[in-house]
Amino acid sequence: MITCDSFQAADGVEIAWRETGQGRPLLLIHGFMSEADTNWIKYGHAAALAKAGYRVIMPDLRAHGISGKPHDPKYYPRDILADDQFALLGHLDITDYDLGGYSLGGRTVSRMLASGAVPSRAVISGMGLEGLTQTGNRGTYFRHVFDNLGQHEKGSSAWMAEAFLKTTGGDPAALRHILDSFVDTNAAEIASWTLPVAVVCGEQDDDNGSAADLAALLQHGKLFTVPGNHMSAVTKPELGQAFVAALTGDRW
């Protein structure tokens, strides 16, 4: 069973989340222009994690899904996505948990770890080292997507990004502000994390740099490779299986 609820962040923006399963809390954060249903529920990943013994908590990031989508830039300060997740954990009175995210969700995991989050284990998925240390690169790419809607060459990466935006019903004006909230996480910060961090990435996914380099930099990093590229890996059951293995297998 999937339940849905929401709360107000400190600035009044409504943040929605979905839940399934019972057991150890797992905060699971979706990617850019997506939402919890598309990233985690539609292709069975949340069900697999619930079956493995997790209470799977899946927020819709602000400007995404059924959460608030304000157009005023004041609602998108630096690191606001990480701040919202800390607020959700506080709202739910959760202090002992695991943490995972895909793409922008993985970057949000990194910002939470850099800001003092203390999960037992973490998964950074759909993300390479450069996607954490040089966030401006992807920001520039998506600004190009948003600034040229309806004009991208059919079959191009930007055209496919626009197509995905349409399938999720995304709000380009709100999503563009998210790009201004990105904060780099430097290599020294990443190398300082002492918890086990799994890096789960599609074998053909280099959209956010090298997943192998990220895993190698981490003190306790482990690379899990799954089929697909940045878009298709989410649709494969192997993604959810890799999350289960990373979160429930032996610690490394």
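Me: How many residues of strand S7 (residues 197-202) are buried?
Reply: First, the basis: this is a predicted model, where local features need pLDDT of at least 70, side-chain atom pairs count only at pLDDT 80 or more, and totals for chains, interfaces and linings use all residues. Residues are numbered from 1 along each chain as its sequence is written, and side-chain values use heavy atoms, with hydrogens and water left out. Buried means under 20% relative accessible area, exposed over 50%, partly exposed in between (1.4 Å probe, protein chains only). S7 is mostly covered, and its count of buried residues is six of six.

Me: Which residues of S7 point the other way from Val 197, Val 199 and Cys 201?
Reply: In a regular strand the side chains alternate between the two faces of the sheet. Val 197, Val 199 and Cys 201 share one direction, and both sets are buried. The opposite set is Ala 198, Val 200 and Gly 202.

Me: Which residue of S8 stands opposite Val 199?
Reply: Strands are DSSP runs of E with at least two residues, helices are runs of H or I with at least four, and both are numbered from the N terminus. Two strands pair if DSSP finds at least two bridges between them. S7 and strand S8 (residues 221-226) run parallel and are joined by six bridges. Opposite Val 199 stands Leu 223.

Me: Which residue of S7 stands opposite Ser 125?
Reply: Strand S6 (residues 122-125) also pairs with S7. The sense is parallel, over four bridges. Ser 125 faces Val 200.

Me: Which strands are the edge strands of the open sheet?
Reply: The sheet has eight strands with mixed pairing, in the order S1-S2-S4-S3-S5-S6-S7-S8. An edge strand here pairs on one side only. The edges are strand S1 (3-8) and S8.

Me: Why are H3 and H4 described as roughly perpendicular?
Reply: Axes are lines fitted to C-alpha atoms, for helices over the stretch in contact, and angles run from 0 to 180 degrees between N-to-C directions. Angles under 35 degrees count as roughly parallel, over 145 as roughly antiparallel, 65 to 115 as roughly perpendicular and the rest as oblique. The axes of H3 and H4 are 9 Å apart. The helices are roughly perpendicular because of their packing angle, about 75 degrees.

Me: Which residues of H4 make the contact with H3?
Reply: Contact means heavy atoms within 4.5 Å. H3 supplies Leu 81, Ala 82, Gln 85, Phe 86 and Leu 89. H4 supplies Leu 104, Thr 108, Arg 111 and Met 112.

Me: Which residues does Asp 79 contact, leaving aside its neighbours within four places in sequence?
Reply: Asp 79 sits in the loop between strand S4 (54-59) and helix H3 (80-91). Its phi is positive, about 70 degrees, although it is not a glycine. Asp 79 is buried, at 15% relative accessible area. Its partners are Arg 111, Ser 115, Ser 181 and Val 183.

Me: Is Asp 93 buried or exposed?
Reply: Asp 93 lies in the loop between H3 and strand S5 (98-102). Its phi is about 55 degrees, positive in a residue that is not a glycine. Relative accessibility is 67%, so Asp 93 is exposed.

Me: Which helices do the buried residues of H8 pack against?
Reply: In H8 (residues 172-179), the buried residues are Ala 174, Leu 175, His 177, Ile 178 and Leu 179. They pack against H3, helix H4 (104-114), helix H6 (136-147) and helix H7 (157-168).

Me: Which residues does His 144 touch, not counting residues up to four places away in sequence?
Reply: His 144 belongs to helix H6. It is partly exposed, with 42% relative accessibility. Its contacts are His 152 and Ala 158.
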